[in-house]
Amino acid sequence: MLIGVIADDFTGASDIAVTLSKGLPGEGGLSTTQYLGVPVQPARPEVEAGVIALKSRSLPAAVAVEQSLTACEWLLDQGCQQIVFKYCSTFDSTDKGNIGPVLDALTKRLKAKRVIVCPAFPAMGRTLYQGNLFVNDRPLNESGMEHHPVTPMKDADVRRLLSRQAETPVRHISWQQVVKGSESLRSALHADASEAAQLVVVDAISDHDLTIIGISAAQAPLISGGSGIAMALPHNFIQAGKAEGGVQDYPVVQGPTAILVGSCSGATRGQIEEHQKQYPVLALDIQDVMNGRVNADEVVAFICGHQESLPLVYSSGDPESVKQAQQQYGQENISQQLDALFGEAARKLVHEQGIQRLVVGGGETSGAVVSALNLHSLQVGEEIDPGVPALFHTASKPLALALKSGNFGRRDFFSHALRVLGGGD
């Protein structure tokens, strides 16, 4: 294993896994496996990039640090020469968040000196300019993320956000420096002769910028960012003769389908609206869920009763209704109930009803589903949409999955994903 990734949620892990698998155009990427939690067994010898999916984004800092260091040790034991700490491209982490503390701990463990911090993901409209994070044409704190139910983002300046969390000093390299090229950027990263470690926020507004940044980090023991930061990392190992690159072979899975959605993002609500124009959709009322009037068996019955089409079950809602429910029942209680419901439904659908193609919307929901299915590792396949790969678990009856972060995917994502998992367009 050459590259090891520690991702703070399941969909984020899928996002960066497909980036490593794809590599740069015309060159190909690395043989990549996504692990669901820290493995207890060694990696298969053919794995060149290993992505460990934690569920640590919203955990207390001390717990997230402990889990991240455990993941780091396993990856180092597999021979990894570079570690990537992957977090969301909207830097989902309030002042009490754990991105800074995890970076502090990994920086110390790996004896890193200049650690790149770059959450930019231009393909999804996330850009970083003058240290400020934008979503499309809006600063992060005006993009709708300020209303996020778990990590409301009130500041677009990543330098300030990180400085309030981390003990390691933070500095910044501007876009004007980045566009001078990778050699110039590498010199700028190490221009400060200080031996003290630094977290370096680096601007990026295009995929080309991310390629420059990735190449400049060829020898870095630790880098961090959104999935885009990994674009050029396979290139570095291919150029060094440590990997061959090329196109990977992916399986095709036919069979019964299900779509389970727990995200309440604007993009997901639009995708549900589009899906229900042609396919059956079941909305779960939060009141019914919290009062036990809806259970996993009802979800399973709906899915199995509509297998002639592409059935979808969701618990999404607009920000105001979500806020009211949280005030009544508590955010954590709702999350636990929904996670348990979707997890149990997925277990019954796959292990009892034979569902073979499963699409899940929402990071927390994805984590609950794969945990309930007890899947330890997944082969990374082709990209369904930017940041969302096809994932495969090979067993006596193969399972194909798509785990979609809330804001990702085209408007008809759910039907499109099922077609790709089945070998279609």
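Helices (H or I, at least four residues) and strands (E, at least two) are taken here as DSSP runs and are numbered from the N terminus. The structure is a predicted model, in which local features need pLDDT of at least 70, side-chain atom pairs count only at pLDDT 80 or more, and totals for chains, interfaces and linings use all residues. Residues are numbered from 1 along each chain as its sequence is written, and side-chain values use heavy atoms, with hydrogens and water left out.

Helix α15 spans residues 413–421, and eight of its nine residues are buried, so this helix is largely enclosed by the rest of the structure. Buried here means under 20% relative accessible area, exposed means over 50%, and partly exposed lies in between (1.4 Å probe, protein chains only). The buried set consists of Phe 413, Phe 414, Ser 415, His 416, Ala 417, Leu 418, Val 420 and Leu 421. Just after α15, Gly 423 adopts a positive phi of about 95°.

The nonpolar interior was examined next. In soluble globular proteins, nonpolar side chains tend to be buried together. A nonpolar core is defined as a set of buried Ala, Val, Leu, Ile, Met, Phe, Trp, Tyr and Cys residues joined through side-chain atoms within 4.5 Å. The largest such core has 117 residues, of which Ile 3, Leu 358 and Leu 401 touch the most other members. Helix α13 (residues 331–352) gives the most to this core, with eight residues. A second, separate core has 23 residues, including Phe 121, Ala 402, Phe 413 and Leu 421. Contacts (heavy atoms within 4.5 Å) of Leu 358, not counting residues up to four places away in sequence, include Ala 258, Leu 260, Ala 346, Val 350 and Leu 421.

Strand β2 (residues 32–36) is mostly covered, since five of its five residues are buried. In a regular strand the side chains alternate between the two faces of the sheet. In β2, Thr 32, Gln 34 and Leu 36 point one way, whereas Thr 33 and Tyr 35 point the other way. Two strands pair if DSSP finds at least two bridges between them. With strand β3 (residues 49–53), β2 pairs in the parallel sense over five bridges, and Tyr 35 stands opposite Ile 52. With strand β16 (residues 377–385), the pairing of β2 is antiparallel and covers three bridges, with Thr 33 opposite Gln 379.

Two serine residues in loops were also considered. Ser 315 lies in the loop between β14 (312–314) and α12 (319–329). This serine counts as buried because its relative accessibility is 7%. Leaving aside residues up to four places away in sequence, Ser 315 touches Val 261, Gly 262, Leu 284, Ile 286, Leu 338 and Phe 342. Ser 206 is placed in the loop between β10 (198–202) and α7 (207–216). With a relative accessible area of 24%, Ser 206 is partly exposed. The C-alpha atoms of Ser 206 and Ala 120 are separated by 8.5 Å, although these residues are 86 residues apart along the chain.
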